[in-house]
Amino acid sequence: MNGITFYTIRQFSQAQPALSEASIRWQVFNAEKNGLDKAGAIRRAGRRVYIVAERYLAWLDGQGLAA
């Protein structure tokens, strides 16, 4: 599937131990304000939220540049 990796929030926090599940949920909750939606880093299917790993990490890496 074009090399895109989808994770649930729990799976992603387990794959990336430096990121807590709570912090990821907070970022997803505020996705419209923090640019996570615009970055294409999350996908919603009903009530489920999936993290697009590559885009999330690119978004996270770019957070220091905005300051």
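Trainee: In what order do the elements of the protein chain run from the N terminus on?

Mentor: The order is β-α-α-α-β-β-α, with 4 helices and 3 strands in the chain. Helices (H or I, at least four residues) and strands (E, at least two) are DSSP runs, numbered from the N terminus.

Trainee: Why is the protein chain called as compact as a globular protein of that length?

Mentor: Its radius of gyration is 11 Å, close to the 11 Å that the globule rule gives for 67 residues, so the description applies. The radius is taken over C-alpha atoms, and the rule is 2.2 Å times the number of residues to the power 0.38. Along its principal axes the C-alpha trace spans about 30 × 25 × 25 Å.

Trainee: What kind of model is this, and which atoms are used for side-chain values?

Mentor: This is a predicted model, in which local features need pLDDT of at least 70 and side-chain atom pairs count only at pLDDT 80 or more, while totals for chains, interfaces and linings use all residues. Residues are numbered from 1 along each chain as its sequence is written, and side-chain values use heavy atoms, with hydrogens and water left out.

Trainee: What makes Glu21 and Arg25 a salt bridge?

Mentor: The term requires a side-chain nitrogen of Lys or Arg within 4 Å of a carboxyl oxygen of Asp or Glu. For Glu21 and Arg25 the N to O distance is 2.9 Å, so the pair meets the rule. Being 4 residues apart in helix α2, the two are separated by about one helical turn.

Trainee: Why is Glu21 called partly exposed?

Mentor: Buried means under 20% relative accessible area, exposed over 50%, and partly exposed in between (1.4 Å probe, protein chains only). Glu21 has 22% relative accessibility, so it counts as partly exposed. Arg25, at 42%, also counts as partly exposed.

Trainee: What share of the 67 residues do buried residues make up?

Mentor: Buried residues make up 30% of the 67 residues in the protein chain.

Trainee: Among contacts between residues at least 6 apart in sequence, what share join residues at least 24 apart?

Mentor: The share is 45%, where contact means heavy atoms within 4.5 Å.
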